[in-house]
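Q: Hi! I'm about to open a new structure and would like to talk it through with you. Could we go step by step?

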Amino acid sequence: MLFGQVANFKTNSNLPIEKFPIALNSNLKKSIRIIAAQEVEDRFHSRLSCKKKTYRYVINNSEYGTAIYRNLETHIPMKLEMEKMKEAAKYFEGEHDFKAFRASGTSSKSSVRTIYEAKVKEMPDERIGIELTGNGFLYNMVRIIAGTLVEVGLGKIEPKEIKEIIQSKKRENAGKTLPPQGLYLVKVDYE
């Protein structure tokens with residue numbers, strides 16, 4: 001599966017654009033791969049020109065977890081109630097002040113963001129994917145939303161309480177911040 005990491009840089013190179021991935025990959029660690037390159041306008045900025053992003057948080061919901069993927073997902077051995085999580089996720093959709101889902105020390109001036117789509121889906125091998133598409137995200141916002149949805153899945157928070165948590169704007173009302181293992185930027189849209 002490919003993920004949506006995008007970067008940009010300016011260069012005076014005469015190298016044809018289609019040769020950039022090969023040239024860059026020959027100088028990068030094997031853990032980083034360039035799969036495509038394209039020429040863009042001078043005004044383009046890979047982060048600031050973005051119109052929407054999709055993040056996925058992966059939870060291994062099996063009894064024992066996995067040794068191989070332990071650094072690529074978060075293991076939660078208690079069975080999560082998927083239907084309640086799916087219901088709760090819909091409350092995140094729309095434009096809201098996500099102050100309750102922002103890490104302390106965040107420098108963003110505004111905590112208002114729009115979530116276009118929030119999904120909880122079953123994945124192979126007892127995995128759960130929490131997928132959020134929005135116009136922007138606060139620091140740790142996806143991990144806090146995922147932690148809140150886990151609390152819903154464990155029966156600690158009712159789905160309808162999500163609306164109240166959002167309206168409260170209080171970080172202590174939301175779930176815990178899940179670990180970074182399992183968080184992926186899946187797609188970046190520029191149109």
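Q: Let's start with Arg-56: is it buried or exposed?
A: Arg-56 counts as buried, because its relative accessibility is 8%. Buried means under 20% relative accessible area, exposed means over 50%, and partly exposed is what falls in between (1.4 Å probe, protein chains only).

Q: Before we go on, what kind of model is this?
A: It is a predicted model, in which local features need pLDDT of at least 70 and side-chain atom pairs count only at pLDDT 80 or more, while totals for chains, interfaces and linings use all residues. Residues are numbered from 1 along each chain as its sequence is written, and side-chain values use heavy atoms, with hydrogens and water left out.

Q: Okay, back to the charges. Which residue forms a salt bridge with Arg-56?
A: That is Glu-131, and the closest N and O atoms of the pair are 2.7 Å apart. A salt bridge here is a side-chain nitrogen of Lys or Arg within 4 Å of a carboxyl oxygen of Asp or Glu.

Q: Which residues are linked with them in a network?
A: Salt bridges link Arg-56, Lys-119, Lys-121 and Glu-131 in a network.

Q: How many salt bridges does the count come to?
A: Twelve, by that rule. Another one joins the side chains of Arg-127 and Glu-73, at 2.5 Å from N to O. Arg-127 lies in strand β5 and Glu-73 in the loop between β1 and β2, so the two tie together parts 54 residues apart in sequence. Both Arg-127 and Glu-73 are buried.

Q: What about Glu-83 and Lys-86, where do they lie?
A: Both are in helix α2 (residues 82–89), three residues apart, which is about one turn of the helix. Glu-83 counts as exposed, since its relative accessibility is 56%, while Lys-86 at 29% counts as partly exposed.

Q: Nice. Zooming out, how many helices and strands are in the chain?
A: The chain has four helices and six strands. In sequence order, the pattern reads α-β-β-α-β-β-β-α-α-β. The C-alpha trace spans about 60 × 40 × 25 Å along its principal axes.

Q: What share of the chain is buried?
A: Of the 191 residues, 39% are buried. Among contacts with a separation of 6 or more, 67% come from residues 24 or more positions apart. A contact means heavy atoms within 4.5 Å.

Q: New topic: what is phi near for Asp-125?
A: Phi of Asp-125 is near 60 degrees, a positive value in a residue other than glycine. In general, most residues other than glycine have a negative phi. Asp-125 sits in the loop between β4 and β5 (127–134). Glu-126 lies in that loop too, and its phi is also near 60 degrees.

Q: Which residues make the nonpolar surface patch?
A: Ile-68, Tyr-69 and Leu-72 make it, and the patch covers about 330 Å². Patches are made of residues with over 30% relative accessible area and no salt bridge, with like charges joined within 9 Å and nonpolar side chains (Val, Leu, Ile, Met, Phe, Trp, Tyr) within 5 Å. Accessible areas come from the Shrake-Rupley method with a 1.4 Å probe, and for residues only the protein chains shown count as cover. Tyr-69 is in the loop between β1 (52–60) and β2 (74–75), and counts as partly exposed because its relative accessibility is 42%.

Q: Last one: how far is Ala-67 from Arg-43?
A: They are 24 residues apart in sequence and 44 Å apart in space, C-alpha to C-alpha. Ala-67 is placed in the loop between β1 and β2.
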